[in-house]
Amino acid sequence: MERNQILAEVQEIFRDVLDNEEIELLDATTADDIEEWDSLTHIQLIVAIEKHFKIKFTSKEILSWQNIGQMIDCIASK
Amino acid sequence: MALLGDTATQFLATAIKGIGVERGYNVNLFEAEYNQVERQVLDPTSDYHQFGAKYTVVFQSTHKLLEQYSLNELTNEGVNDLMRERLQFVRTLCETTEGKVIYFNYPEIDDTVFGQYANRTELSFTWQARKLNYELMQLTQEYPNLFICDIAALQNKFGRDWMFDSSVYVSTEMILSLDALPYVASRVMDIICAIEGKFHKCLILDLDNTVWGGVVGDDGWENIQVGHGLGIGKAFTEFQEWVKKLKNRGIIIAVCSKNDEDKAKEPFEKNPEMVLRMDDIAVFVANWENKADNIRTVQQILNIGFDSMVFLDDNPVERAIVRENIPAICVPELPEDPGDYLEYLYSLNLFETASYSSGDKDRTKQYQTEAKRVQSAQKFTNEADFMKSLEMVSVVEGFTAFNTPRVAQLSQRSNQFNLRTVRYTDGEIAALGESDKHACFSFTLEDKFGDNGLICVVILKKKDAETLFVDTWFMSCRVLKRGMENFTLNTIADYAREHGFKRIIGEYIPTLKNGMVREHYPNLGFVPIAENTYELNVETYKPRECYIVKK
């Protein structure tokens, strides 16, 4: 799948889980940029992304991402 | 509600609040800081004790227990001490908690350290976890305020890989997967709803392709699929066995089917493979009318709320019609394959209860005799003549070891004829029975058609030497319009007079369901003294007319 397509789908998931239609994701976006994105919603996002793309992240991967770009790379590699 | 856990519980808290809203409760939740279970419980000045929760939910995880077990020395003494300590903590929890305790049991983790030899040695974690769950069940016999939230059963149903998500755990210290949360929260609310008197009492069944395979009107009673011969009959046999068990436990079974009545009854009467028989069914409605209307008829005969009914039908269209017309009724989305019915129904835990008494199993018979009584009443033009013809007898007693479970249960179930809707558990009823500050009465009612069993309870509180306050007065709606209210009042007025009391004070606390007794006290000759509060002068009281003989 195209990287842009993945980003668009992940953005949809963020909007849905965090209940905020104004979220715009960029590769450089981090949790600091989005108010609703905290340690608890993080796990909801991950589970939702795993279900959506029918993939499974390892705990190490989850802890390694520094920004959205790295998360997208990880999804693209699966 | 207070929620204490030894792993992070934020999501569980959210899920409990959410399910609470679904069930009509706004849960005021106290959530202890992470991993403070012992400190909060053992310190009498803790925030938890200050909060004074009506329900305390405690979730100590198998995961953390296994961690302690793993750090322990592998000796009999070591492992037994660990479990003994845990049980002792649960005892302390029950003893120091004012309200009810909902304690999560322990879903097993098979660490495979002993292999399957774990079943042969006390040292294994498997042995200890199973034993602990058994001991917890035993503890409920000792502590009436202890209820077990059976998440071990949930794990049996869905599997450990579904319950536990390692990546969620590693990054958040949360032990439950997101998928498991609604189920776990639902099990917690099931217990609370049951204690609060909100639970299912009646199961209404469609027939064709729900109770048996095929269409009896087309196929004939001999050719429907049930039993071990035809088609997928086995699935329906096992479904019927489940319904029969529910009936034996005291759930009222009714039938609501689009069929000719005689055709619909034939399988019950003639097909030897049928597990369910006519005498298992309290109300049988088969015609070509709309199902929602037929369910309303069932409701009128049984006189219970729609929210205490479950309706099972294989046809999605019928389900939608019923759901739309009667929103309060529970209509599960049965899976397409009848072979899946049971496992799906198990997952819903539809018939939670907070008490059980052996008299429950006679309930179907009582509703059947009620139907006969209704027919007989139609023959009399004069109500008094009909009453006399019933030859009614009531046994009046205090609370005894024998009737305590039934009294407690009725206090949890009665919604309509219930003046103050105070719910009592077995333990509380037993304590009231012993109290010298209270006078307690239980009433049975038997007539020539059958015995209704214990149907009415009054608890009087002795306010002072001259005043009795009616703390509790509730009655089963099965015995409405028999003069039972008059008989009850005559009985307590006699008691008041014999013991030198001058007045009886009654209070009506309105709920969504008890509108039928709004005028109860004025109707019985009480005089209003404040809003919803009434007084009866014992000295000038004249016994009210009734045709019930005291035994």
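**Strands and cores in chain B**

In chain B, strands E6(B) and E7 (residues 252-258) pair in the parallel sense over 4 bridges. Strands (E, at least two residues) and helices (H or I, at least four) are DSSP runs, numbered from the N terminus. Pairing requires at least two DSSP bridges between two strands. This is a predicted model: local features need pLDDT of at least 70, side-chain atom pairs count only at pLDDT 80 or more, and totals for chains, interfaces and linings use all residues. Residues are numbered from 1 along each chain as written, chains are lettered from A and ligands numbered from 1 in written order, and side-chain values use heavy atoms, without hydrogens and water.

E6(B) also pairs with strand E9 (residues 309-312), again parallel over 4 bridges. Leu205(B) stands opposite Val255(B) in E7(B). Leu203(B) has Val310(B) in E9(B) as its bridge partner. Cys202(B) and Ile204(B) point one way from E6(B), Leu203(B) and Leu205(B) the other. In a regular strand, side chains alternate between the two faces of the sheet. The four E6(B) residues are buried, meaning under 20% relative accessible area with a 1.4 Å probe, protein chains only.

Now the cores. A nonpolar core joins buried Ala, Val, Leu, Ile, Met, Phe, Trp, Tyr and Cys residues through side-chain atoms within 4.5 Å. The largest has 43 residues; Met1(B), Leu12(B) and Phe104(B) touch the most other members. H10(B) gives the most to this core, with 10 residues. A second, separate core of 40 residues includes Met387(B) and Phe526(B).

Terms used
Buried < 20%, exposed > 50% of the residue type's maximum accessible area, 1.4 Å probe, protein only.
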